[in-house]
Amino acid sequence: MPVHGLANNLTEYGDKEFALYLRRSFAKAMGFSDEALAKPIVGILNTYSELNNCHRHFPQLVEAVKRGVWQAGGLPLEFPTISLGEVFLSPTSMLYRNLMSMDVEAMIRAQPLDAVVLTGGCDKTLPALLMGAASADIPAIVVAAGPMLTNQFDGERIGACTDCRRFWATFRRGEIDRETISTVEGQLAPTPGTCSVMGTASTMACLVEALGMMLPGGASIPAVYADRMRHAEAAGKQAVDLIRRDLRPSQIMTPAAFDNALRVLQAIGGSTNAIVHLTAIAGRLGIHLDLERLNQLAESTPVLADLKPSGQAYMEDFHQAGGMQVLLHEVRDLLALDLPTVAGMTLLERLDEPYTYPTWQEVIRSAREPLQPEGALIALRGNLAPDGAILKTAAASPELFQHRGKAVVFQTPEEMEETINDEKYKDIITKDSVLVMLNTGVKGYPGFPELGDLPIPNFLLKQSVRDMVRISDARMSGTCYGTQILHICPEAHEGEPIAFIRTGDEIELDVEN
């Protein structure tokens, strides 16, 4: 018989009976009865922090998980881990993703847990949670934060954080004043939850559901909805069932499941950061994701979600339109369906439920009439990126897909910030220029920051230039848009081809080829 509950992962004293006796005595010091201590233990990994705005509703969310665990006959025990609030960390939250994943793995392995409920949402937390859970490989289920709601400003609907960037660009162009941008600042993030667009946070939530590690519907329920709490309660119940079935992350997150996740990434027009995170999660399971496979999937997967930053709508609209259930049905013929999920059913069984495409909405397009016939993200290669680079075509300008222009090169972000808006560059930087940022990759700059969203110079913004070809070995936020070629490999810091670009060199972009 396998060992469960408090008898699991005993502290080493050289006497197992003594270790269990001591553990039980300290557990009773917390007020637990013998009946409670005899139950299987479900750890609830809580990423709440007062320095993480996305997670400020987690005390209530975790209580809902606990209710579910108790109802199903388990003992819920909450414990903390590192919490990564995207905008509250220097130099970038990415620097701490792996640290968080190690914390998650170590605490799951070390403590007497039969299963774990992983709560998270803000950009790097979901990848870190899955990385740690994959390595620890005990039964696990994810409860996401859920997206925040939108707000109104001057009769216009707004939400974090694509609109954050749009209003800031408007301010930089001198079209609104300091008082207005200050007012907007107080309206962009009105509720708890992650960014209200298909940024990295919502992208990863959708991909976690596609991987089978989350109960159906959990990716898009807004953070403040009562349904979010009911979903958390259901996840608590399901965690106990996972113990009974001994269903582990390694059995769910298979190569075929990652293929499904990449398909969904294309269909939702998701964040470029998902490539980095999926690669890391898969790597924990010994699974290799290939850039060529990304392109193969892009060629046969339509973009269906009309969501910012690629489209017009917000995550609450996606949810009201049917969310992942509708999207998965529309691409079901492209998916591997006979795969297990934490819900206790295969993806095929989930999608065999009665389904009618909701024609009343336009947020999730029909596969017959897609937003874009081919996928949202592609890998590019060339003499500047022999090992590949990433372009989010769904958020780029098609008129720039075939482009030749002279490079304007910045060796560091500091140099770019000091000079990009200098009037003396007016004769050097034109709308046809290719802006290039070097030394911002994994090795070249602390924490692999989101520096790939190179700003368009103020003097060009005032000429109504809204997009330019921009190239870097950096990342960019999932809330960004524009023709931005990212993750150039090998990176400039390694002395590889991109490092040799100089201002005035000609660069050609040919997306089709």
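Start with the largest nonpolar core of this predicted model. Select Leu118, Leu130, Met213, Phe258, Phe318, Met324 and Leu327: of the 109 residues in that core, these touch the most other members.

Stay on Met324 and show its surroundings. Leaving aside neighbours within four places in sequence, methionine 324 is in contact with Cys206, Glu209, Ala210, Ala219, Val264, Phe318 and Arg350. A second, separate core has 25 residues; select Ala389, Val436, Val469 and Ile488, which are among them. In soluble globular proteins, nonpolar side chains tend to be buried together.

Next, the backbone. Most residues other than glycine have a negative phi, and most peptide bonds are trans.

Proline 91 sits in the loop between strand E2 (75-80) and helix H4 (97-110).

Proline 490 belongs to the loop between strand E12 (484-489) and strand E13 (506-510).

Now select aspartate 246, in the loop between helix H9 (226-245) and helix H10 (249-252). With a relative accessible area of 36%, aspartate 246 is partly exposed.

Finish at serine 464, in the loop between helix H18 (458-461) and strand E11 (469-472). Is serine 464 buried or exposed? Its relative accessibility is 53%, so serine 464 counts as exposed.

Key
Residues are numbered from 1 along each chain as its sequence is written. This is a predicted model: local features need pLDDT of at least 70, side-chain atom pairs count only at pLDDT 80 or more; totals for chains, interfaces and linings use all residues. Side-chain values use heavy atoms; hydrogens and water are left out. A nonpolar core is a set of buried Ala, Val, Leu, Ile, Met, Phe, Trp, Tyr and Cys residues joined through side-chain atoms within 4.5 Å. Buried means under 20% relative accessible area, exposed over 50%, partly exposed in between (1.4 Å probe, protein chains only). Contact means heavy atoms within 4.5 Å. Helices (H or I, at least four residues) and strands (E, at least two) are DSSP runs, numbered from the N terminus.
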